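Biologist: Please put the structure up. I will ask about its contacts one by one.

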Protein chains: 2
Amino acid sequence: MRDRAATSRRILEAARELFAEHGYEQVTMRMIAAAAEANVSLINRYFGTKAGLFAQVVATGSTLEAVIEGDPEGLPARLAARMALRLHTGTVEQLTRTIDRAGTSPEIRAVLRARVEDAMIGAIAARLSGPRPRERAALAVTFILGVSSLRRLLGPEPLRDSDPAAVEARLIAVFTACLRP
Amino acid sequence: MRDRAATSRRILEAARELFAEHGYEQVTMRMIAAAAEANVSLINRYFGTKAGLFAQVVATGSTLEAVIEGDPEGLPARLAARMALRLHTGTVEQLTRTIDRAGTSPEIRAVLRARVEDAMIGAIAARLSGPRPRERAALAVTFILGVSSLRRLLGPEPLRDSDPAAVEARLIAVFTACLRP
DNA sequence: TTGACATGTAAACAAGCGTCTACTAATCCT
DNA sequence: AGGATTAGTAGACGCTTGTTTACATGTCAA
């Protein structure tokens, strides 16, 4: 046929970018359709509803796993290095930004919650030894989410023209304080 | 007359609570009017537009100033104590929550940015000595905003039934890592 | 007391939203 | 080759949104 798979993928990718950029509520079905060069009705046909599409976007987005895996001792340093790079380049992890900008729509809270709980807090906590690993992981995730919030509010400028090495050293201290037993 | 001042104040307070609870976009003019027991048209008459009302809410909301003032050495401890209390009671500062849940509406970004820049980052940075005070203050604000994000996504449960003293000690270490010269 | 002004009200407005229905057209299977 | 199935399209539907307009009512000054 005329390639349902390709169209479906174009819709998903267009939605992924738009949700990350403007947030769930600001993005309309027609915006997604236009960006994907597809018809609006196809979005509903393939993903059911707008919330369903968003759930798919969140569920299939890559998470921190590439950074998390490795020796647990080096975890704060790896998180700090990644964040320092992001701060310096002015970008934010796409999925983190999507989560931050999603707002408070009741229909999408469940999937957001599950994703943060499993793929962020749970993934970090699994690497930690010592008491209350989820509690410590949650603090690290707090900081990661905070960066998205700050950038949403202030744009990419703050912390950008800082000395990357100094920022990274500070971030290592922050993540260590969050995660150490 | 029929007390314009009182009606105006009821509208402002109703809007303040609703915006903090549900976020800017989820709150409708009719919700505010109902909560304030006022007519919808009066909101527009007194505040111009929905964005204008939101600007008024954000501009008049109390900030961290009570916590920030005092000796700079004790600032991390005071911030940590306040946050530990908030985490334990499951609440979040109203204005911080309003900012977090405001979403990405272009019409309100300017006022949000100004408020975070001046009343949070600027206020903390003014108390700091050493190099790049704004940069260090921004990291602390990152963490503060992150707590609002985490609670928006996960609700009040996480970090709630932890040992408050242990959490507070950890938070002191985090804020110290953010703010120390 | 009465006219003028401020306050409050109700209804409608136009626009935008997500979704659905009816239809066309392309591709596959036998 | 031709019916069946599926991808894609166009347009309307019902609803909600923020805002505005026209009107009623209460209050104060003269």
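Biologist: How much area do chain B and chain A bury between them, and what part of it is on carbon and sulfur atoms?
Modeller: This is a predicted model, where local features need pLDDT of at least 70, side-chain atom pairs count only at pLDDT 80 or more, and totals for chains, interfaces and linings use all residues. Residues are numbered from 1 along each chain as its sequence is written, chains are lettered from A and ligands numbered from 1 in the order in which they are written, and side-chain values use heavy atoms, with hydrogens and water left out. Buried area is the accessible area (1.4 Å probe) that two parts lose on being put together, summed over both. For chain B and chain A, 59% lies on carbon and sulfur atoms, out of a total of about 4000 Å².

Biologist: Which three residues of chain B lose the most area to chain A?
Modeller: Contact (heavy atoms within 4.5 Å) takes 50 residues from chain B and 50 residues from chain A. Three residues in chain B together make up 17% of what that side buries. They are B:Arg152, B:Leu153 and B:Arg170.

Biologist: Which residue of chain A forms a salt bridge with B:Arg152?
Modeller: A salt bridge is a side-chain nitrogen of Lys or Arg within 4 Å of a carboxyl oxygen of Asp or Glu. Between chain B and chain A the count is 4. In the one with B:Arg152, the closest N and O atoms are 3.5 Å apart, and the partner is A:Asp100.

Biologist: Which helix gives the most to the side of chain B that touches chain A?
Modeller: Helices are DSSP runs (H or I, at least four residues), numbered from the N terminus. Helices H7 (94–101), H8 (106–125), H9 (133–154) and H10 (164–179) of chain B each supply at least two residues. With 16 residues, the top contributor is H9(B).

Biologist: How far apart are the centres of domain 1 and domain 2 of chain A?
Modeller: The bounds come from an automatic or database domain assignment. Domain 1 covers 4–57 and domain 2 covers 65–179. Taken over C-alpha atoms, their centres are separated by 26 Å.

Biologist: Which three residues supply 47% of the area that domain 1 of chain A buries against domain 2 of chain A?
Modeller: The two domains bury about 1000 Å² between them, 58% of it on carbon and sulfur atoms. No other three residues of domain 1 supply more than this trio: A:Ala20, A:Tyr24 and A:Phe54.

Biologist: What is the partner of A:Arg97 in its salt bridge?
Modeller: The rule finds 1 salt bridge across the interface of domain 1 and domain 2 of chain A. The closest N and O atoms are 3.6 Å apart, and A:Arg97 pairs with A:Glu21.
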